[in-house]
Amino acid sequence: MRATKITILLVLALSMSACSMFRSKKETIDTMPIDRLYANAHDSLEHADYAAAEKAYQRLIARFPSGDVNEQSQIELAYAQYKDNKPDDAYSTINRFIKTFPTHKHADYAYYLRGLINFDRTGGILERYLQRGDDTGATRRDQGFNLTAFDDFSQLTRRYPNSAYATDARQRMIYLRNQLARFEIHVAEYYLRTKSYIASADRAQYVVEHYQQSPETADALAILTRSYLALDRQPLADQSRKVLALNYPDHPYLTDPNWPHHPSIWRKAIPFSGHH
């Protein structure tokens, strides 16, 4: 009897082990139930295995095309793609989510993430790797992503002013506003240097009208004054100079009428100097 019992126990143990092995071999992201598949994807995301997380989230979304877990997975998929340096994929995913679920309980985060994706595309490769201390290069390139990121954060703060992400979004908007204003000043300086005074005045006026709270407003008023003087519009020049003196009494143009001084040809030839 004892030998029989031992034999039965061994058979049961082997059967259970075989079933366990069979189940573990068969259960993949194509066969996991939704709760385990989501846990698998989220665990990969938490451990910064973004490629594995993307694969699991994409499979979950395809296998379970509706429901709360599907919706949450779309947001987390976009985040995984963003962290995996796939901004185009991340933007496409989160943008599709916003259009499909405009009233989702996490829509504020979706707008915030969309802003982050574009915000991180505003810097160039050289700036990212060289860790430059100024923004000169960034403000001399096309500002498309800056404008888009500003609009994303603006929509977040306008639609969800009390969101947990609104404060950070507003700070990023201030940075982007200053970047956009600085870009306009660089262009205005170029036109001033090439004696295209109507164009330099237009760019400077744009900064004064649209970026009043940026530090570049002072430079814009100075460039506006110089442009009006060159165009022989003395009353307008006097007016802009008075506004400059009243609001920015320490600006260098007030004591140096030749400001801004253009870089020499040798300075412009130095790589990464910020002048061209």
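**Entry 1**

I started at N146, which lies in helix α9. A note to myself on terms: helices (H or I, at least four residues) and strands (E, at least two) are DSSP runs, numbered from the N terminus. Before going on, I noted that this is a predicted model, where local features need pLDDT of at least 70, side-chain atom pairs count only at pLDDT 80 or more, and totals for chains, interfaces and linings use all residues. Residues are numbered from 1 along each chain as its sequence is written, and side-chain values use heavy atoms, with hydrogens and water left out.

Is N146 buried or exposed? I found a relative accessibility of 3%, so N146 counts as buried. Here buried means under 20% relative accessible area, exposed means over 50%, and partly exposed is in between (1.4 Å probe, protein chains only).

Next I looked up what N146 touches. Leaving aside residues up to four places away in sequence, N146 is in contact with T122, L176, Q179 and L180; a contact means heavy atoms within 4.5 Å.

Then I turned to Q143, which sits in the loop between α8 (136–140) and α9. Q143 is buried too, at 5% relative accessibility. The side chains of Q143 and N146 are joined by a polar contact of 2.4 Å. That term stands for a pair of N or O atoms within 3.5 Å; within protein, one must be able to donate a hydrogen and the other to accept it, and residues adjacent in sequence count only if both atoms are side-chain atoms.

**Entry 2: salt bridges**

How many salt bridges does the structure hold? I found eight, a salt bridge being a side-chain nitrogen of Lys or Arg within 4 Å of a carboxyl oxygen of Asp or Glu.

D30 pairs with R59, and their closest N and O atoms are 2.3 Å apart. D30 is in the loop between α1 (2–26) and α2 (34–46) while R59 is in helix α3 (residues 50–63), so this pair ties together parts 29 residues apart in sequence. D30 is partly exposed at 44% relative accessible area, and R59 is partly exposed at 31%.

E54 forms a salt bridge with K86, with 3.2 Å between the closest N and O atoms. Since E54 lies in helix α3 and K86 in the loop between α4 (68–83) and α5 (87–100), the pair ties together parts that are 32 residues apart in sequence. E54 counts as buried at 4% relative accessibility, whereas K86 counts as partly exposed at 33%.

R114 and D152 make another salt bridge, their closest N and O atoms being 3.0 Å apart. What does this pair tie together? R114 belongs to helix α6 (residues 107–119) and D152 to helix α9 (residues 144–159), so the link is between parts 38 residues apart in sequence. R114 is buried at 8% relative accessible area, and D152 is buried at 2%.

I also noted a network: salt bridges that share partners join E54, D84 and K86.

**Entry 3: the whole chain**

Last, I stepped back. The chain has 14 helices and zero strands. Of its 276 residues, 38% count as buried. Among contacts between residues at least 6 apart in sequence, 57% join residues at least 24 apart. The accessible surface comes to about 16500 Å², with 55% belonging to carbon and sulfur atoms; accessible areas come from the Shrake-Rupley method with a 1.4 Å probe, and for residues only the protein chains shown count as cover.
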